[in-house]
Amino acid sequence: MSARTVITGIGVATPNGLGVDGFWAATRVGKNAIGRVTHFDPTPYPSQLAGEISDFVAEDLLPSRLLPQTDRMTRLALVAADCAFKDAGIQPGDIPEFDMGVVTASTAGGFEFGQNELKKLWSQGSEYVSAYQSFAWFYAVNSGQISIRNGMRGPSGVVVSDHAGGLDAIAQARRQIRKGSKLIFSGGFDATDLHLGLGRSDRRGRLSTSSDPDRAYLPFDAAADGYVPGEGGALITLEDEQTARERGAQNIYGEIAGYGSTFDPKPGTGREPGLRRAIEVALADAGVEADQVDVVFADAAGTPQLDREEADASSAVFGPSGVPVTAPKTMTGRLYSGAAPVYVVSAVLAIREGLIPPTTNVELSPEYAIDLVTGQPRPAPVRTALVLARSYGGFNSAVVVRAAD
Amino acid sequence: MHSTLIVARMDLESSAEVGKLFAEFDRSEMPHRMGTRRRQLFAYKGLYFHLQDFDADNGGELIEDAKTDPRFMQISQDLKPFIGAYDRRPGVPRPMRWPPASTTGRLPHEPAARRHEGRRPLMGRRVVITGVGVLAPGGIGAKNFWSLLSEGRTATRAITFFDPSSFRSRVAAEIDFDPQLHGLSPQEIRRMDRAAQFGVVTAREALADSGLDLAGFDPHRTGVTIGSAVGATTGLDDEYRVVSDDGRLDLVDHAYAPQHLYNYFVPSSISAEVAWAVGAEGPATVVSTGCTSGIDSVGHAAELIREGTADVMITGATDAPISPITMACFDAIKATTPRNDDPEHASRPFDGTRNGFVLGEGSAVFVLEELDSARKRGAHIYAEIAGYASRCNAFHMTGLRPDGREMAEAIKVALGEARMNPESVDYINAHGSGTKQNDRHETAAFKLSLGEHAYRTPVSSIKSMVGHSLGAIGSIEIAASVLAMENQVVPPTANLHTPDPECDLDYVPLTAREQRTDAVLTVGSGFGGFQSAMVLARPERSAA
Amino acid sequence: MSEQEFTIEALKQILLESAGADENIDLDGDILDTDFEALGYESLALLETGGRIEREYGISLDDDIFTDHRTPRALVAAVNACIKDTVTA
């Protein structure tokens, strides 16, 4: 067995594109997919924008038996898993079922489903609550449903760390590959903030209140004032490189080369946040020096303090403006646990094309000493990419993605 | 002699008032003699103690700053009957179970040396449990928890948290928990869901029990992994009622949302709270694999130490699911027992008359350390996490294959990782939820994985006593397993009077049993189709 | 309250809404005497279906209704018996 864990299949669904081709065609040119919420009437709420997936028809893609028991984010994940399997060129039976597992991330589970059941409970009575409520809401639902639909009986896992969880899941999947599993599905999906207003009830001021889709989510911009939530995510198939090559895998997109994860000091201590350490641990894990990194996919929180922390960490590791930084999630909004897996997909596609997708809408504030790729995509040879994700509460994760050839 | 430390020996039953005093003290402005890097607070059995230098030659009086602070003096007087001290000078015998401060040559207040944080050798690192904290129904603190189990008492009762009259199942295993008594501040109580509060309290207990807070640890090399199946469901249920006006509003009224609603939305806030409480700054996450979360969380943490990502992990699980929405969803699938007329005997794993599980709540958190460094500092070692595995059943979100194949597979892989034969297993701490489907599935899995040895091995389910606290129970069962090892006693399966003929193993009915428990297998099974197994063993026993 | 009759059409409708239908099964075919399991409905689907029937018809079904009545024809008869009992009770 080789030491390298590689990405061999991709299933992606974001507000600006479904499937590898659709997603990349939109992302590479900076197609904005943020708009006014349509899932419900957002008028009563201070924050009214979202990145919504508009062209996803679950009824066309999933068996009707699954629909009554699944939340939207699970449907998205199940379809993405189908796509990833296909993209990996794996047929049922190709890999023994005990050698295939699934590790996903979640932020809020199937909350729309759960909220509907809460409504039934309190407005109609406990006997109106669905038999599916016992799992359709909970955080483990996607790992369970994916393993059942695809006959995977190997290791399972579910991590919940808000945005960073998407990378933590991929790292856990790599662990399972290193321990001998042949194939692990990993990634994350969320459709958290689209839920009938409850997700809009965040009174902590992190959601942008702008009504202009082009001037709402503006990380590293002087006008940064919160983020726009979005729905979607990505699932990838991970395999040991040698196993993948032996089976003649049609796609070997790239390698998950390094991972680091840290937690910030308790607020109020005045000490340095943990992001820099997470980056350093990930680089050391990958055996990569800072100057070998070709692009950083930024967490891009979109609030001045968090943007400052991220810019500082980047400068500390790479030097002021020492590496191209991009935040294509400005096109879709923040996808919670789905965001970082989508970045990993963007990273391998950037490696494949030699093109860094742009940060849209943002005009870089002179405050930040970073080389932010804005406006237009930037052609550049990319062999090593660093993906960052930070979560509410102080979680920092970093993954190094490297060309597989 | 200024290098002696205060340790506490307290009986929870007798010291509620003392706990309040300490909680007050925690919020006071004591001078920090030990630097600001780490809190001086430590906890044991849910009570809080400050760490100060202690003058053993002077009859145990507190010295220097503490002496001059009237508040601390008052507290120390009140506490005198409860506080003991031990002497760290060479040749002085140490009290049992109380590890001394660091033997790595550095005092508690000295910062740890910065170490290389990056790739470390993957082989050879072994992981042990050095601290235990438990909050279980009828068993607040590890000591009371073990009393409950070893005496075979049950903590299931008619639901008191809300009016359950419209529900099919109206029993649960509730904890009488007062967060203030456990030292949580009003702000902590406001921002944390009950599950998070449990997690913080048990984390503090575990850390104090490990003695690691006295020894000092490197926050960057210390991580947190907490398991939870349903996170802050109870908090969300409560808040939803308000913002939707009991479901009258389709679009909720955000003006009624509390400041900390987002904490409830994202269960990772639980790990954040625990990390803050203990001062951990390494990898942190929440593991949420339904009812196997409590095993998977600890298994995940052990892997992080083994691979070199962390040296210490604060890990365990918490759930506080006893709320109308949870009861309603289990009512809908008839998974919980309708035995409402006899709540104390409602949870009957492996009994022929069982008809569903009893929902519970609680938390258990552990301190995990790398074996060599735990030995070096003279830590009390409860058990080695010798092997762990989880498997998907790829079958059904709530159903189990009767053949128990995936659980058997998880058990075999965990035993393999522990390099142990099935014959080494002295005791099986079962999932034993008390549904017919589970009990038979599990029995089949034990036979499939252990062969004939399954018939010779005592198997018991503590859910008969503390109910099924979803994601938390796996960790609570790990706590039960290590306490069984500690006491060389197998806890019983309560309420087991009429065995199910299809469950034909030794389920240790009603009474605890003294016997060798040097290696314990604990298993879990949960919605989503997950099966997990963990092997706990005395380190000397499982040495390869 | 007037006595409602539970029909096979009503059952099909509830099954479809609460559990969908297996792609290989034609619910409009001759299914009256086919086991629910063979129709692709496992325990969870039947629990959801049972809950819907209870609510819509204001009745309370035995826990074992689907173990004792394993086909649409048997279930329809059992539900109608239950409706009758409830109304006359």
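# Notebook: chains A, B and C

I started at S315(A), which sits in helix α10 (residues 304-318) of chain A. Helices here are DSSP runs of H or I with at least four residues, strands are runs of E with at least two, and both are numbered from the N terminus. S315(A) counts as buried because its relative accessibility is 19%; buried means under 20% relative accessible area, exposed over 50%, and partly exposed in between (1.4 Å probe, protein chains only). Leaving out residues up to four places away in sequence, S315(A) touches P320(A) and A369(A). Contact means heavy atoms within 4.5 Å.

**Basis.** I am working from a predicted model, in which local features need pLDDT of at least 70, side-chain atom pairs count only at pLDDT 80 or more, and totals for chains, interfaces and linings use all residues. Residues are numbered from 1 along each chain as its sequence is written, chains are lettered from A and ligands numbered from 1 in the order in which they are written, and side-chain values use heavy atoms, with hydrogens and water left out.

**Chain B overall.** I looked up the secondary structure and found 19 helices and 22 strands in chain B. Of its 544 residues, 69% count as buried. Among contacts in chain B with a separation of 6 or more, 79% join residues 24 or more positions apart.

**Loop between β19 and β20 of chain B.** I checked two residues for their phi. N495(B) lies in the loop between β19 (489-490) and β20 (513-514), and L510(B) is found in the loop between β19 and β20 too. N495(B) is not a glycine, yet has a positive phi of about 65°. L510(B), not a glycine either, has a positive phi of about 65°. Most residues other than glycine have a negative phi. N495(B) is buried, at 4% relative accessible area, whereas L510(B) is partly exposed at 36%.

**Chain B against chain A.** I counted 79 residues of chain B in contact with 80 residues of chain A. The two chains bury about 7000 Å² between them, 61% of it from carbon and sulfur atoms; buried area is the accessible area (1.4 Å probe) that two parts lose on being put together, summed over both. There are 6 salt bridges between chain B and chain A, a salt bridge being a side-chain nitrogen of Lys or Arg within 4 Å of a carboxyl oxygen of Asp or Glu. I looked at the salt bridge between E307(B) and R175(A), with N to O at 2.8 Å. Elements of chain B that each supply at least two residues to the side touching chain A include α8 (233-243), α11 (293-306) and β16 (383-392).

**Chain C against chain A.** Here 15 residues of chain C are in contact with 11 residues of chain A. The buried area is about 1000 Å², 49% of it on carbon and sulfur atoms. I found 1 salt bridge between chain C and chain A; R65(A) and E42(C) meet in a salt bridge at 2.7 Å, N to O. On the side of chain C that touches chain A, α1 (8-19) and α2 (43-57) give two or more residues, and the largest share, 5 residues, comes from α2(C).
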